[in-house]
Amino acid sequence: MSLLKKDRNIIIFAILGCAAGGLFGHDDPRLLVFTLSIPIFWSEAPSKIAAFAMILCYYLTAARGVPSGAAVFFGGAPSAHLSGFLLWCSSSVALAAPWALLRPKAKSSFYDTYMRQLLIYLIITVPPIGLFGWASPLLAAGFLFPGYGWAGLGLYAALPAIIKPLPRNARAVSYSILFFLAISAFLRPLNIPSPEGFTSLNTSYGRAASGSARFTDGFIRSTDIFKRVMKEKNQYILLPETLAGTYNKASEQLWAPLGAFAASRGQTLLVGGEIYDEDLKYDNCMIFLGADAGKAFKQRVPVPFSMWRPFGGAGTANAYWFDDGVIMLADGRIALCLICYEQYLAWPVLRTMLPISPRPEMLIASANQWWSRQTCIPQIQHQSASSWAMLFNLSFISATNS
């Protein structure tokens, strides 16, 4: 292969990666079905460099909101912008590298291609690399094979392996069939039911709805939420992440009247808060108040480096990467909760859906988007959570603070 042709192939595959990554960040979650092109083109990449260029551009484009969002999160200083840029680039390189290293050869068998594909998904999904595993190409399976769960994931991962060994003409026909399947999946109505008896309240408190907010901010929030909750009749009311701030004895007293009011009506509130332990490390939780009080979802995957840090001490978040992440409601239903950052990742959902855990029937998503509201990150969050709900046939509800 001539040097000119090699360069042209690298550019073409890089453009393909940018196009697929650009499908993230839109209001219509169904667009993610077309990221099916990533594993398909990966199997046809003429070189490891071309495969790496495509996948790297895919991840960089999909996560394009990370540099500016992280800069806001870290305070907006020049060092914060640099931290966001480094996080964006390093995580994209780490996610793209397995795709390049495990690119199948031109005449690979079904077994060889399939095992390479499975190994790639394992590497980019499971911690430690899975802690940065946003924009997983697996998300396309939710819209291509809705309700098929693990079988849908297995079939999706097998598509490149099924097509790769075929003669050239047969491959062209197969790709055309896949394209029309993707079109039909995109045109299928997006109908994800909400859990029965649930409602959610979105808020717009900005940075004030965070663990670092002042006590007076918490008082204003609890008073405002009280007024809104009074109008709700559903059994469960979902509120955004960290809305209660640092949940200590003082803030607990702020929210106690609301919890008592909800309990008197047989209602339960799920409100975000940060609960500190004796070492002054905290759990980022969804706390139950009211009729079902005493339970809490713990965020299993806090944001690396900004919340969770290796060997972090006081002021850092606890991580529970391998917990099942399910909780049983008072009425016997089982729920899976994804708190903010977890909605971008494949690992928390797939860990919960392993057969060794009780199977949830609903997906509850809570987030605080004040730091990302000027980016495409909130839309990506919704796209990802919607895909998992579709794939595993889960009812879905979310609440956000912006």
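Two strands count as paired if DSSP finds at least two bridges between them. Helices (H or I, at least four residues) and strands (E, at least two) are DSSP runs numbered from the N terminus. Please keep in mind that this is a predicted model, where local features need pLDDT of at least 70 and side-chain atom pairs count only at pLDDT 80 or more, while totals for chains, interfaces and linings use all residues. Residues are numbered from 1 along each chain as its sequence is written, and side-chain values use heavy atoms, with hydrogens and water left out.

With that in hand, look at β6 and β7 (residues 334-339): they run antiparallel and are joined by three bridges. V326, for instance, has L336 of β7 as its bridge partner.

These strands belong to an open sheet of four, ordered β6-β7-β8-β9, with mixed pairing. β6 (326-328) and β9 (395-401) are the edge strands; each has a single partner strand, so one side of each lacks a neighbour in the sheet. On average, neighbouring strands are turned by 25° against each other, direction ignored. Helix α13 (residues 377-391) packs on the sheet and touches β8 (362-368) and β9, contact meaning heavy atoms within 4.5 Å. The direction of α13 makes about 160° with that of β9; axes are lines fitted to C-alpha atoms, for helices over the stretch in contact, and angles run from 0 to 180 degrees between N-to-C directions.

What about disulfides, meaning pairs of cysteine sulfur atoms within 2.5 Å? The whole structure has zero. For C337, the nearest cysteine sulfur, in C285, is 9.9 Å away. The sulfur of C340 is 11 Å from its closest counterpart, in C337, which is too far for a bond.

Key: A disulfide is a pair of cysteine sulfur atoms within 2.5 Å.
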